[in-house]
Amino acid sequence: MAQYSVAVAGATGYAGGEALRILAAHPNMQVTCVTGHSSVGHQLGEYLPHIPSLASLEIQDTTPDVLNGHDIIILALPHGASGALAAKLDSSSIVVDLGADHRLEEQEMWDTYYGGPYVDSWTYGLPEMIAGNDQGRLSKQRDLLHGVNRIAGPGCNVTAVTLAFQPAIAHQLVDEHDVVADLAVAYSGAGKNLKRMNLLAAEAFNSATPYSVGGTHRHIPEMLQNLTHAAGRTSAQWHEISIGFTPMLVPMSRGILATVSAHLSDAALRMSDATIRSFWEELYDHETFVQLLPAGVMPATQNIVGSNCAHLQIAIDRNSQRLYTFAAIDNLNRGTAGQAIQSLNIALGLNEITGLTTIGVAP
């Protein structure tokens with residue numbers, strides 16, 4: 001059995017910790033290096049006691065010298081931190097960036113929503129995403145991941161919206177300028193930061209609050225990029241689709257519940273509900289980690305926590321002439337570390353489900 005050494009940078013953050021939790025049980029991976037910043041010199045077990053097999057690893061400084069020499073390097077760093085570091089990493093290593101630095105294909109997108117130095121995009125790590133659309137003949141991102149050594153992990157909100165809504169765009173079922181996405185997002189999606197107003201328990205319990213509203217959230221260009229590919233266009237045409245995105249922090253530690261809707265196209269209005277549903281059935285029929293639930297059964301975040309699954313549903317409101325799609329994912333697993341390791345498995349030629357689970361934790 002092939003064995004690969006793995007270094008994880010940003011090991012004590014939520015994304016890095018989730019990657020380590022999955023890697024610790026992966027039969028082909030051996031974590032041999034973890035790095036951090038303020039935690040340097042401490043043992044990993046002080047920060048991640050739920051992963052006892054890795055508890056004795058000493059947290060080292062996040063430098064190229066420390067990270068190089070490993071078969072796989074996973075970067076779980078804040079946006080803007082991965083680009084310069086990645087340029088100094090071994091070209092022979094497989095590098096997976098869980099941050100935003102290498103996701104966007106157009107510099108205009110980066111300049112508008114992030115700012116700072118732009119670095120080239122890497123192969124996008126969402127295997128079930130529609131990568132090409134040639135007059136209805138769809139190809140998936142999975143085909144582009146084989147053998148690559150640089151992978152950009154998607155954003156968690158982006159993952160939910162893309163999986164829920166890409167069939168609607170690919171098959172011209174909706175008005176592309178009327179897409180609305182409202183997401184209930186767990187607090188771990190905001191990162192491991194201490195902020196009094198909304199990231200302390202006393203402030204967060206029994207409360208829900210929107211954030212990054214009015215078209216300011218940094219995941220918007222990534223959503224548009226993915227939906228543009230589903231439409232069969234290049235990322236340079238990202239302005240041809242618009243999305244109104246409102247994330248809301250809700251009092252749960254993990255999970256995203258996305259509601260994405262748009263006005264039905266004239267062609268879709270003439271279709272039956274079953275015909276519209278068939279586009280989701282066809283796209284995800286053989287996907288292990290994307291499950292279209294039986295008609296009428298709504299996704300719930302508790303059913304996917306701890307798993308790499310996305311649970312989807314669609315509904316059609318004939319009175320308002322709108323299509324509604326719903327997605328529930330674990331923002332740290334399916335939305336970040338899980339699908340990164342799924343993509344890594346594909347790049348290495350392993351079975352893509354290795355080390356991952358479809359089983360959630362409920363209640």
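The structure is a predicted model.

Of its 10 residues, 7 are buried, so helix 1 is largely enclosed by the rest of the structure. The buried residues are Gly-16, Gly-17, Glu-18, Ala-19, Leu-20, Ile-22 and Leu-23. They pack against strand 1, strand 2, strand 4 and helix 12.

## The contact of helix 6 with helix 12

Two packed helices are described by the angle between their axes and the distance between the axes. The axes of helix 6 (residues 156-170) and helix 12 (residues 333-348) come within 8 Å and cross at roughly 95°. Helix 6 is therefore roughly perpendicular to helix 12. In this contact, helix 6 contributes Cys-156, Thr-159 and Leu-163, while helix 12 contributes Arg-334, Gly-335, Thr-336 and Gln-339. By type, the residues of the contact are 2 nonpolar, 4 polar and 1 charged.

The segment after helix 12 contains Pro-363. A cis peptide bond joins Ala-362 to Pro-363, with omega at about 0°.

Strands of a sheet pair through backbone hydrogen bonds, either parallel or antiparallel. Another open sheet, also of 7 strands, has the order 11-12-10-13-16-15-14 and mixed pairing. Strand 11 (209-210) and strand 14 (290-292) are its edge strands, and each pairs on one side only.

The table sets out its two pairings.

| Strand 10 pairs with | Direction | Bridges |
|---|---|---|
| Strand 12 (residues 243-249) | parallel | 7 bridges |
| Strand 13 (residues 256-263) | antiparallel | 6 bridges |

Individual residues can be followed across these pairings. Val-180 stands opposite Gly-244 in strand 12. Val-185 has Leu-249 as its bridge partner in strand 12, and Val-185 also stands opposite Ile-256 in strand 13.

Helix 11 (residues 273-284) lies across strand 14, strand 15 (310-317) and strand 16 (322-329). The angle between helix 11 and strand 15 is about 165°.

## A buried histidine in a loop

His-217 is located in the loop between strand 11 and helix 9 (220-230). Is His-217 buried or exposed? Its relative accessibility is 10%, and because buried means under 20%, His-217 counts as buried. Apart from neighbours within four places in sequence, His-217 is in contact with Tyr-113, Asn-157, Tyr-211, Ser-212, Phe-245 and Pro-247. A polar atom of the His-217 side chain also lies 3.0 Å from the backbone nitrogen of His-219.

## Two residues with positive phi

Gln-135 is not a glycine, yet its phi is positive, at about 55°. Gln-135 is found in the loop between strand 7 (130-134) and strand 8 (137-140). With a relative accessibility of 75%, Gln-135 counts as exposed.

Asn-206 is likewise not a glycine, and it has a positive phi of about 60°. The loop that holds Asn-206 runs between helix 8 (201-204) and strand 11. The relative accessibility of Asn-206 is 81%, so Asn-206 counts as exposed.

Technical notes
Residues numbered from 1 in each chain as written. Predicted model: local features only at pLDDT ≥ 70, side-chain atom pairs only at ≥ 80, totals over all residues. Heavy atoms only, no water. Pairing = 2+ DSSP bridges. Helix = DSSP H or I, 4+ residues; strand = E, 2+ residues; numbered from the N terminus. Contact = heavy atoms within 4.5 Å. Axes fitted to C-alpha atoms, helices over the stretch in contact; angles between N-to-C directions. Buried < 20%, exposed > 50% of the residue type's maximum accessible area, 1.4 Å probe, protein only. Polar contact = N/O pair within 3.5 Å; in protein donor to acceptor, adjacent residues only side chain to side chain. Parallel < 35°, antiparallel > 145°, perpendicular 65-115°, else oblique. Nonpolar A, V, L, I, M, F, W, Y, C, P; charged D, E, K, R; others polar.
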